[in-house]
Amino acid sequence: MTNDVSTAVEVDLDMIAEQVWSAFLNGGEEETLFADTDSGAGVELAASVAMVGAYEGHLVVSCSHKASRDVASVLFAMEPDEVTPDDVGDALGELANVLGGNVKSVLPSPSQLSLPRVSATAHERWPGTVEVCRTVVRWRDEPYVVTLLSGGPGGSHNAQEA
Amino acid sequence: MLGIVIDDSRAMRKILRGLLADLGFEVLEAGNGREALDLLQSTGRVPDLALVDWNMPVMTGLEFVIDVRKIAEMRQMTLMMVTTESEHGQIVRALAAGAHEYVIKPFTRDGIIDKLALLGLVPVGVSS
Amino acid sequence: MEMTPALFGFVADLVYREAGMVLRPGKEYLVESRLKPVAKATGHDTVGSLANALRTATAALRTQVVEALTINETSWFRDREPFSALTDTILPDVLAASTRPVRIWSAACSSGQEPYSIAITLEKALPAGRGYQIMGSDLSEEMLRRSRAGRFNQLEVNRGLPATDLVTYFQRAGAEWEAIPRIRQNLSFQRINLCATLPPMPKFDVVFLRNVLIYFEPETKRAVLDRVRQVLNPGGWLLLGAAESTVGIDSVFERVPVGRTAIYRAPARDRQMVKEVTQC
């Protein structure tokens, strides 16, 4: 990707993240802030969706265990200490799905979106990918790193073309 | 009024179920298109409204819409996609397949209510 | 100055009186976040000090505060009935009266959902070859900029824009949706203050003036309605918000009941004209 394209996508990524947080997580009462893009220390969990087709890559959202419980507690309308690991996986996966679908619509089409996958960042790898852009959302004092990757198995040639 | 929420995310089903229940709907749930078809066929119930996600395992929402539009007894069911798929062409595809309305995730409560008002399923003016 | 419960109560009272909106305790965050820009723009260090100043403030500042607190995501085809009145009652009359392009003014158009909703209605209702022009106006340059761009985000298009209209009259523009050129070429936008003399402009067949009068004192309401009538063609139509009426303020507009609501009509000929005709 040229810098121009990745800058344009970065602007869109911010806009999409802002809308997703404001509609699903804030209920209008909290501000979604954007943090420094390298303030992603302490991320422990990653949820991702793959895009396959005219665009090949992944949209990844990663955060701490505490942050993931906050997301689950809002989506499930439960207390953070009541949510189960299953709830966390479901909620974080849906967050990746919603971010991924919206990001897909600003990228070359047609592409298909995979179902979300959630795992510990220590075990998650996306070989052969390059980072296109990222945004870091700060919500309830926790950073959420939203990263768009390009390339990956079978699609690394698209990274140069796109 | 009977509604069915078809989404593979339990969190999303809970949100949409709560929203429909607040509007006076009785709500069924299914985790994918196949599960929904099986549930409706085994119980013989025909919802007034189906909220349908697109990307789901086993049977996608688009496949569900195509299949359900072929079943004569279910023709009066209103189909509204509620999905993160948001390309122009995808929306056209879903409408052509027989979906009546389309809500893009993320949505607000008022967004869903406004669309249901368009479909005549809730009175105009319920949203803020 | 701190935002005390007493000041919050004062603001809540004001918003209830002027806009009928109830702000319950617990909504302090909303008052803080919405009024911060107003405080800054009007030279107050804090929202508390702005709230305190409201006790003796001008109507204009109070309006600004009420607006900031009541602005909501606007729905498309808001309230629906005005748009069915446009299609079913107003357009047949306007089309029969002349062959000129239909001219409509959307006053206080905010982020643009109303003028674009009007455009979509006309695209569907006008006979082939019949042109139209829509002017949107607002006091806020920011709202005008957004309206001119004709771009709406995902949350905005979800607010009651039918999916078939979305795919017919909009195209993707990054993360947003942009009205297609065929529509945009019929829209223009201009900054207009309804409380001052209107700039010279060609007359309109229809004026949408919805949820604007509620913010004004009776004398201002009368003056605004008078100005609007001056820019309407004889027999032109006025649409107000659901809670508004010309009754008791302006006796020249004729109230025409339509469905569960009412629309208003300027006299078919202005008095000057009638006089000249009878003299001939």
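**View 1. Helix α7 of chain C and its buried face.** In this predicted model, helix α7(C) spans residues 141-149 and holds three buried residues: Met143(C), Leu144(C) and Ser147(C). Buried means that 20 or more other C-beta atoms lie within 10 Å of the residue's own; exposed means 12 or fewer, and partly exposed is in between, with C-beta atoms placed from the backbone. Down the axis of α7(C), the buried residues fall within an arc of 100 degrees, so they line one face of the helix. The arc is taken from the directions between the helix axis and the C-beta atoms. Glu141(C) and Glu142(C), on the other side, are exposed. The buried residues pack against α6 (113-125), β2 (132-138) and β6 (187-191) of chain C. Contact here requires C-beta atoms, placed from the backbone, within 7 Å. Gly150(C) follows α7(C) and has a positive phi, near 65 degrees.

Residues are numbered from 1 along each chain as its sequence is written, and chains are lettered from A and ligands numbered from 1 in the order in which they are written. In this predicted model, local features need pLDDT of at least 70 and side-chain atom pairs count only at pLDDT 80 or more, while totals for chains, interfaces and linings use all residues.

**View 2. The seven-stranded sheet of chain C.** The sheet is open and mixed, in the order β6-β2-β1-β7-β8-β10-β9. Helices (H or I, at least four residues) and strands (E, at least two) are DSSP runs, numbered from the N terminus. Strands pair if DSSP finds at least two bridges between them. β6 and β9 (254-258) of chain C are the edge strands, each pairing on one side only. Neighbouring strands are turned by 25 degrees against each other on average, direction ignored. Inside the sheet, β1 (residues 102-107) and β7 (residues 204-209) of chain C run parallel, with three bridges. Trp105(C) stands opposite Val207(C) in β7(C).

**View 3. Strands β8, β9 and β10 of chain C.** Two bridges join β8 (residues 232-240) to β10 (residues 261-265) of chain C in the antiparallel sense. Leu238(C) has Tyr264(C) in β10(C) as its bridge partner. β9(C) and β10(C) are also antiparallel, over five bridges. Val258(C) faces Thr261(C) across this pair, standing opposite it in β10(C). The hairpin of β9(C) and β10(C) has two residues between the strands, and Gly259(C) takes a positive phi near 60 degrees.

**View 4. Strand β5 of chain C and its two partners.** β5(C) covers residues 176-179. Trp177(C) and Ala179(C) form its covered face; Glu176(C) and Glu178(C) form the uncovered one. In a regular strand, side chains alternate between the two faces of the sheet. β3 (residues 151-153) of chain C pairs antiparallel with β5(C) over three bridges. Here Phe152(C) stands opposite Trp177(C). β4 (residues 170-173) of chain C also pairs antiparallel with β5(C), over four bridges. Gln171(C) has Glu178(C) as its bridge partner. β4(C) and β5(C) form a hairpin with two residues between them, where Gly174(C) in the turn has a positive phi of about 60 degrees.

**View 5. The contact between chains A and B.** Chain A gives 20 residues and chain B 18 residues. On the chain A side, α1 (3-26), α2 (65-76) and α3 (85-104) each give two or more residues. α3(A) gives the most, with nine residues.

Notes: Two residues are in contact if their C-beta atoms, placed from the backbone, lie within 7 Å. Axes are lines fitted to C-alpha atoms, for helices over the stretch in contact, and angles run from 0 to 180 degrees between N-to-C directions.
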